[in-house]
Amino acid sequence: MDYIKNPGKIEEKSFEIIQAIIDETRPDYKFSSRIEELIIKRAIHTTADFDYLDILKISEGAVETIVHALKNGATIYTDTSMGLSGINKRILDKLKVGYRCLIADRATIDLAKAKGITRSMAAVEIAAQDSNDKIFIFGNAPTALYKAIEMNEEGLLKTSAIIGVPVGFVGAEDSKEALMNSQIEYIVSRGRKGGSNLAAAIINAILYHYFM
């Protein structure tokens, strides 16, 4: 069978197809910036969902804030090991950026049980003990996003920005709206759509553009 085997060529062809579909179905669509284009196209590439042309929202200072944090040794915290596994570690290691998912740690499990909260919420509370600057990447847990917003409002959480794209039917949409109405720089997918794969794609788009 004749098919493309080279991963680089597959990705290149995918992005060509994405642009062709945008040209055909949304000829008047305009990206506000080059980095917005790269983030949204990678989101579409990862999900095959063109709704992200409309529902992926980026606050004015989000990308600049994330890039500054990455250059200055921030730590990335994710709400799932799947989300963490999808992020390009080679670039993070080169930048000396830490990256952690605390969801399965014994301390997280014990705190969640003691307080009667989700492990995702407990993980945020534990991450808050890290005095280092933090970037939170949430693709699965609305409760983690709510907790991060609450702790930030209380002055208990040092975070540069949140990539908040939890997927689902309970709390996902509302938690993302809450993030957009907070003082935190954000990248969100409005509505129910999202996921750990999307979360990883968003941070990778930034890493590839600024640090490759």
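Start with the lining of the largest cavity: by class, it has eight nonpolar, two polar and two charged residues. (Ala, Val, Leu, Ile, Met, Phe, Trp, Tyr, Cys and Pro count as nonpolar, Asp, Glu, Lys and Arg as charged, and the others, Gly among them, as polar.) Keep in mind that this is a predicted model, where local features need pLDDT of at least 70 and side-chain atom pairs count only at pLDDT 80 or more, while totals for chains, interfaces and linings use all residues. Numbering runs from 1 along each chain as its sequence is written, and side-chain values use heavy atoms, with hydrogens and water left out.

Now select Tyr77, Thr78, Asp79, Arg100, Cys101, Leu102, Ser120, Ala123, Val124, Phe136, Phe138 and Ala144, and you have the cavity lining on screen. Strand E2 (75–78), strand E3 (98–101), helix H8 (119–127) and strand E4 (134–138) are the elements that give it two or more residues. H8 gives the most, with three. (Helices, H or I of at least four residues, and strands, E of at least two, are DSSP runs numbered from the N terminus.)

The space inside comes to about 70 Å³, and the structure holds one cavity of 30 Å³ or more. On a 1 Å grid over the protein atoms alone, a cavity is a set of points where a 1.4 Å probe fits but cannot get out; a pocket is an open set with protein on both sides within 12 Å along at least five of seven lines; and lining residues have an atom within 4 Å of a point. Points are joined across faces, edges and corners, and a volume is the space filled by probe spheres set on them.

Next stop, the largest pocket, with about 170 Å³ of space. Pick Glu11, Phe15, Arg34, Leu38 and Arg42, the closest to its centre of the 11 residues that line it. Then colour helix H1 (7–25), helix H2 (34–47) and helix H11 (196–211), which each supply at least two lining residues. H2 gives the most here, with five. The pocket lining divides into four nonpolar, one polar and six charged residues.

Of the 212 residues, 50% count as buried, meaning under 20% relative accessible area with a 1.4 Å probe, protein chains only.
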